[in-house]
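Here is a short note for a colleague opening this model for the first time. Please read it with the structure on screen.

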Amino acid sequence: MNGPGKMALYVALVIAAFLIPLVPVLQPYLIQFAFLWVMILFAMTWDVLGGQMGYNSFGNIVFFGVGMYATAVVQRDLYFTVEEYANVAGGDQAVLTPVEYLTGLGLGMGSGALLAVVIAAVLGSGILGLRGHYFAICTLGLGIAAGELASGWDYIGAGSGLVTPLLPDALGERGPFFYYLFLVLAVIAFAVLKRLYAGQFGLAINAIRDDEDKADALGLHATRYKTVAWCVSGFFLALTGGAFGNLVIFIDPTDVAFAGPTFGVWMVLMAILGGKGTLWGPVIGATVFHITQEIFWTYLFGWQRVALGLMIVVVVVFFPLGIVGWLRERWPQRFGEVVDEGARRVQVSLDGER
Amino acid sequence: MSAILEVENVTKTFGGVIANNSISLSVPKGSIIGLIGPNGSGKTTLFNSIVGHHPIDSGAVRFQGTELSRLRTPQIARLGLLRTYQQTRIFGKMNCVQNMQISLPHVDDSFATMLRKFPPEITERAESLLEFVGLYAKRQLRAEDLSFGQQKLLEFAMALMNEPITLLLDEPTAGINPTLINGLIDRLKRANAEFGITLFVIEHNMRVIMNLAQHIYCLAHGELLADGTPDEIQNDRRVIDAYLGAH
Amino acid sequence: MGNLEILLQAPIFSVQLLIDGLLVGSIFALAAYGMALLWGVMNIINISQGDYVILGGYVTLTLYNAGIHPLFGVPVAALVLFIVGWAIYRAVIFRVVDRDLFISILATFGISILLQQLMDQIFGADIQSAESGLGQIFLFDSQVTVSQIKLVAFAVVVVVGVALVLFFKKSRMGQAIRATAQNARAARLMGINTDRVYAMTFALNAALCGAAGALVVMTWVIQPFIGLAYTIRSFMIVVVAGLGNIAAVVAAALGLGAAEQFAAFLLGAEFQIGFVFGLLVVILLVRNMFLKRQRQVLK
């Protein structure tokens, strides 16, 4: 497909996504759709490192949790003292005016994202020096350690969790509000990543994936690229987490915020299912996974998690290329891998600057 | 001619094995220098020591007056000292043009250049260099789908893209179709003459190295055995013995 | 940190913690040695390692609930897990042996989740343990107590360790495993059926974990979802000790056991798991820092 055609397709898709809440049949499912955008954000942000850079992280969930807690804490501390809040949250939920709610949410998500970037930069400078399975297992440890830490820290509610303020009535129903919030986030994240992958950043992290030692030997600032990649990933995950806390209202440290065995693994699975290291793979993978999962939850009550473990094994062992990766392997020409025989160029001067 | 790269008494051991024993040599600016020796004589180890793949036990490596033995590989590469590998290393899942684009010099990578799109002149230069090594028609293929010889050529082109001052080539003709070897020698010489890149070449093919280098060093058992012009080396008794295993 | 003062004022507590830690650590050594075995022979990092431990615990618990003394659980759990390991190898692992490392990590992660959920469905999510009925030994005027079952567990580990060393030195299968670890291709050329060797290695590893699990359920507690902590402990021990050196593995395991007991006492028991995972991050970073001085990285 050529440039303008592609552009038209993107615009059409986005417009269609924005119109979904207006279709009466779909209106009861808006929360499920909001979850779908969250899943897509999970898979896309995981793929920055896991797919494009070859650093398979099991610890990205840390940024999700950090964003969630930071947002909730800002929302709480902006308008309440901790004791007041505990009382209010115990019975009713905190009631805020729309302006208060939006200010808290915005400031909270902003500071959460900032905090996540700082954490990614600091941790990244050390952890991103590890390669291969050492990196994978170190990040696994990181994710679980973060959850354990949050479960013991009283300021953020420790093991009993934290409650976020309710969406004020003036802002409408929960469904459409969070549907649009996550949709906008997902669209922005997709656009930013698409732009980044198309330039020097994208090729640099691809080069690190294919052969980091060679990239080093070419003088690439690998550490810098790796850290920026983790920061980008952490930034969007923290924003997602901040909004997600408000969507689910109750933040449990290990089951919601730092939910390594569920969200943390799903991100990996979704990206692989769709095709890791591709632009559309994570989006497609997340969509397929979300639908499958809803079916599991509906028809396999009690055994859905068993089925999920089985699904991971099957996908990884039998379908490691993923949907888009498989298509690419099958029809490489459709992805621009062509020989144009006979193409000859006029020899131009090759003088380097030095 | 002044020396651009100086190796002084470099020693490198792996456990008890002495891979390089007090090697000293110098590469003059603008020259093509050869490095030969039987298998296991420590040639690649010396390359690894020069570009910082591992620490050296003692000695000094200087490039344009800068001491390299404490620097790390990317820093050395950014000084303009680059190497290629015997077991060709390219970015397999990326196509040839992308391989070339990302090989551009990384001397002044700021935050802005990291996040930019490639300006047309970089793509232009990448494609010109692909044409230079005869890979232009295959520029959209993934590098891993190329034949071994073509990958070798791609790696050479990537090295040129990086605009090195000095290039260390580890067996550039190994695995390349004999009919292409003459063309490659010609390109190496042009890279040296037209772009002014100093070349330091490990080579097993005697015809190639005698044809290419102005001065040759010979290693055996980790020691510097002899050095001289191609003619001197060809007639050196010790070199012949080393290759035939008479000791 | 209030507990630090207790330690300083009553040093005898340190002895108590140390003994408990060393005895617990000896159990970690079993699972860790299994992980080193898999890593060295098959180049696989098995995330489901800890879940075999827990599964071994549940096998023992089942015997115990049927009125059999849990010490019989050690051989039975080892046998059951040997069969489970063999089956898992035949079903999944043989497909990922020669592939990208991450594929095997993720595949075993999937197996881990699968086993956890199955155990949760079958045995329930409660914390459980099996009472051995053995008493306590009192030392230093009863200031230090050591439960006899922990000493028995320690003895079991020693016996299993000696048996392993003999197995690898003397038996044909043991030698074939060592040969495959050094060079699988050469081993194949020499007529060794490496597929069988791999199956045997994987099953043997599961059996070791099963035995460890039987000891865990008698000396400590089990729960379907705490397997990952044993995986991480094993990984950490192997990273510190290196592959294929049983003495170093035991030393590192004992050290980790002791460190955990002290950390749990000083930070509070609720941070013990957090400590294990945090320690992993620290150990990896420190190792990498030292390697960087050598112009190398952990990979």
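**Notes on chains, domains and cavities**

1. Start with one pair. Glu155(B) and Lys214(A) form a salt bridge, with their closest N and O atoms 3.1 Å apart. A salt bridge here is a side-chain nitrogen of Lys or Arg within 4 Å of a carboxyl oxygen of Asp or Glu. Glu155(B) also belongs to the lining of the largest cavity.

2. A word on the basis. This is a predicted model, in which local features need pLDDT of at least 70 and side-chain atom pairs count only at pLDDT 80 or more, while totals for chains, interfaces and linings use all residues. Residues are numbered from 1 along each chain as its sequence is written, chains are lettered from A and ligands numbered from 1 in the order in which they are written, and side-chain values use heavy atoms, with hydrogens and water left out.

3. The interface of chain A and chain B comes next. It takes 43 residues from chain A and 52 residues from chain B, where contact means heavy atoms within 4.5 Å. The two chains bury about 4,400 Å² between them, and carbon and sulfur atoms give 55% of that area. Buried area is the accessible area (1.4 Å probe) that two parts lose on being put together, summed over both. How many salt bridges cross the interface of chain A and chain B? The rule finds 3.

4. Now chain C against chain A. Here 40 residues of chain C are in contact with 39 residues of chain A. The buried area is about 3,600 Å², with 80% of it on carbon and sulfur atoms. The salt-bridge count between chain C and chain A is 0.

5. One pair to look at is Arg131(A) and Glu212(A), whose side chains meet at 3.1 Å, N to O. This pair links distant parts of the chain, 81 residues apart. Arg131(A) sits in the loop between helix 5 (98–127) and helix 6 (132–152) of chain A, and Glu212(A) in helix 9 (residues 212–217) of chain A. Helices (H or I, at least four residues) are DSSP runs, numbered from the N terminus.

6. Chain B has two parts to tell apart. Domain 1 covers 1–80 + 164–247, and domain 2 covers 88–163. These bounds come from an automatic or database domain assignment. The domain centres, taken over C-alpha atoms, are 25 Å apart. Across the boundary, 19 residues of domain 1 of chain B are in contact with 14 residues of domain 2 of chain B. Together the domains bury about 1,300 Å², 73% of it on carbon and sulfur atoms. On the domain 1 side, Arg78(B), Pro164(B) and Arg187(B) lose the most area to domain 2, together 39% of what that side buries.

7. The structure holds 3 cavities of 30 Å³ or more. On a 1 Å grid over the protein atoms alone, a cavity is a set of points where a 1.4 Å probe fits but cannot get out, and lining residues have an atom within 4 Å of a point. Grid points are joined across faces, edges and corners, and a volume is the space filled by probe spheres set on the points.

8. The largest cavity has a volume of about 80 Å³. Its lining draws at least three residues from each of domain 1 and domain 2 of chain B. Helix 6 (148–161) and helix 7 (178–194) of chain B each supply at least two lining residues. Helix 6 of chain B gives the largest share, 4 residues. By class, the lining has 8 nonpolar, 1 polar and 2 charged residues. Ala, Val, Leu, Ile, Met, Phe, Trp, Tyr, Cys and Pro count as nonpolar, Asp, Glu, Lys and Arg as charged, and the others, Gly among them, as polar.

9. The second largest cavity has a volume of about 50 Å³. Residues lining it include Met44(A), Asp47(A), Phe190(A) and Tyr197(A). Helix 2 (30–53) and helix 7 (174–198) of chain A are the elements that give two or more residues to this lining. The largest share, 3 residues, comes from helix 7 of chain A. The classes are 6 nonpolar, 1 polar and 1 charged.

Technical notes: 1 Å grid on protein atoms, 1.4 Å probe; cavity = no way out; pocket = protein on both sides within 12 Å on 5 of 7 lines; lining within 4 Å.
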